[in-house]
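Colleague: Please take a close look at one part of this model for me. How is it built, and how does it meet its partner?

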Amino acid sequence: MAKLALEDLRKLREARAAEFHVRKADVLEVQIIVGMGTCGIAAGAIDLLTVFAEELVKAGVRRVRIRHTGCMGLCHSEPTVEVLAPGMPAVIYGNVDAETARKIVNQHIVRKLLVDDHIFDRPAVDIIHK
Amino acid sequence: MAIKTYILVCGGTACVATHSNELYEALVQEVAAQGAQGKVQVVRTGCFGFCAKGPIVKILPDETFYVSVQPSDAREIVAEHVLKGRPVQRLLYEKGRDRSLIRMEELSFYQKQYRMVLRNCGVIDPEKIDEYIARMGYEALAKVLTEMTPDQVVEELKKSGLRGRGGAGFPTWMKWKFTKDAPGGEKYVVCNADEGDPGAYMDRSTIEGDPHSILEAMAIAGRTVGASRGVIYIRAEYPLAIEHLETAIAQAREYGLLGANILGSGFDFDVEIRLGAGAFVCGEETALLASIMGKRGMPIPRPPFPAVSGLWQKPTVINNVETYANIPVILLNGGEAFAKVGTPKSPGTKVFALTGKIINSGLIEVPMGITLREIIYDIGGGIRGGKAFKAVQTGGPSGGVITAEYLDTPIDYEHLQELGSIMGSGGMIVMDEDDCMVDVARFYQEFCVDESCGKCAPCRIGTRTLLNLLEKICAGRGEAEDLDKIREVGTAMQKAALCGLGQTAPNPVLSTMHYFEEEYRAHIEDQRCPAGVCKQLVTYEIDPAKCIGCTLCARKCPVNTIEGERQKPHRILQENCIKCGECLKACKFGAVSRR
């Protein structure tokens, strides 16, 4: 990638910003965003990546992206995972073990039903894209 | 038929205690009774942290937030909100409460947190520069390079009122101005990421989750003070943070956001990482700079301040991670917008690592001026296990405790100092009735003895003297005059120690002595530890009248020092007892007691 000039930076921003704007409204593909800070990893986030990947294949889910992110701040409930799916509200799940991960795939993503006992509130509003 | 609405019912411990299970059942029944199955799902959630107002119900996707919801409200929620789309006004969290202290217009109406420093943490992939750029990343740098003079940047920081988030609260604009105005061609920008307080992990999480925000802010600092090189000093025990920083630096270089001629402006700036070996004293700025230069990490007297003579004796601006993370937001939105958050003297937010005996431990960011009560009860969900709140420790080995009677004090630099604690870097450890304040002071003193660099006598000898006295008290050998000795040595250290480590090392003991003198006296005069922590002052005994000989305690005892036959009273052999308290926890008949 070549060095950016000022206009390149702004073009790049425009091109990528849409991804974050649509987050809460209508995503076209499923996104599973796993908290991969030291805290999340210590609580088992890396193993979750495999569980999600395997279960998604088993369930035949297509158009899905597993993404990494930093600490969401919910240390009491690591590992934390945010799930975005078309037509559903964005939800943060905490204390996600392998069993919960499978439920997220088969219940949330496939059947469009939220999973009991693992939803946590987003700690604050987003100041960038209100 | 697709699900259109989700009714989230809080299933946290506190909400369950206020009958959220009955509420859940009532909602499920109402959904069925009103024929809404298939259109709505009732879901039980984890703790939402707003426990004092429980049970909490949140409706998605419209994000309506109901508080103190009773099972009898279920019919109305389903009939009105779910079926007709009309929120039930009387259950909404009241918006009219006094927020003058916080002065926040943008705060979501029930959420106490405001994420400025952590704006990207948990949102972007920290290893992808494009995601940072998508969320206004490097736009502040672009603005500074193309539209602002260094003086305007300083002016904007001055308007913002931003103060150093490393703990001392020195105005950031002054540091930058002094460095900018210092004579000399070669200057440096340094980031202090040597986070070392026990229980503090704000800086680690910020770097792990949003490394580019630090690089951007350092480049802005470089442009402002006239430096072309930056150094991030980070402890080697933060491998993931280091990895993310290395990735971020490589990506920024590739895009030309670090290196020569940034964004075609003619400005050159690059950043390198220096790893620290994890000495607490290296968080002190002069010791940190010495460590970067390959010398032993020991502080030197100031002045000269680093702004005049810092790294390689050149003018150096040195700020903490959190301070830097604020900079891009300030320059994007303007200093005045920043100053509207928080209190007039301490604008902005503060990130805290909320740990200890709290239900929802976590990394939180709150506007300055919020009360401790809001942090502990509205965000933290209260004390674990229904125990009584005793104190909060802030500022780690340099800070002190805040007690229940000050729960409503606004959290900012001045108020914490008045209470004998400090803001510190942001560790916040919650303690309950089972924590012994003398033992807490002993723990921090031990830490300071280990971490004192030994250069100056007040710190080297003072910390050891204080620890000896505290160990003596914890062992039940304390004497009446020990408290005076602690005060005398502590005060001398505050005045005479060379750097912040030694000057503040007596704070934990002086602060706990001030608020919990009775607890110290109980140790000294009655050889008693009221919290039952100091092992040498505690004896566990079995009451033969209550013991039925179930053998549970004997099986739990890790050192096999409980003897007795089945169905006959047991006995603890004191000489081997390690006072772990397992027998007390195990006994179902109240036969084990602690003295």
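**Chain A and its interface**

Modeller: In chain A, take the contacts (heavy atoms within 4.5 Å) between residues at least 6 apart in sequence: 65% join residues at least 24 apart. This is a predicted model, where local features need pLDDT of at least 70, side-chain atom pairs need 80 or more, and totals for chains, interfaces and linings use all residues. Residues count from 1 along each chain as written, chains are lettered from A and ligands numbered from 1 in written order, and side-chain values use heavy atoms, without hydrogens or water.

Chain A has 4 helices and 5 strands (DSSP runs: H or I, at least four residues; E, at least two). From the N terminus, their order is α-β-α-α-β-β-β-α-β. The C-alpha atoms fill a box of roughly 50 × 30 × 30 Å along the principal axes. Of the 130 residues in chain A, 54% are buried (under 20% relative accessible area, 1.4 Å probe, protein chains only).

Now the partner. Chain A puts 54 residues into the contact, and chain B puts in 61. Together they bury about 4800 Å² (accessible area lost on being put together, 1.4 Å probe, summed over both). Carbon and sulfur atoms give 55% of that area. On the chain B side, Arg115(B), Arg135(B) and Tyr255(B) lose the most area, together 12% of what that side buries.

Charges meet here too. The interface holds 6 salt bridges (Lys or Arg side-chain nitrogen within 4 Å of an Asp or Glu carboxyl oxygen). One of them joins Arg44(B) to Asp117(A), at 2.9 Å from N to O.

Methods
Buried area = accessible area lost by both parts, 1.4 Å probe. Buried < 20%, exposed > 50% of the residue type's maximum accessible area, 1.4 Å probe, protein only.
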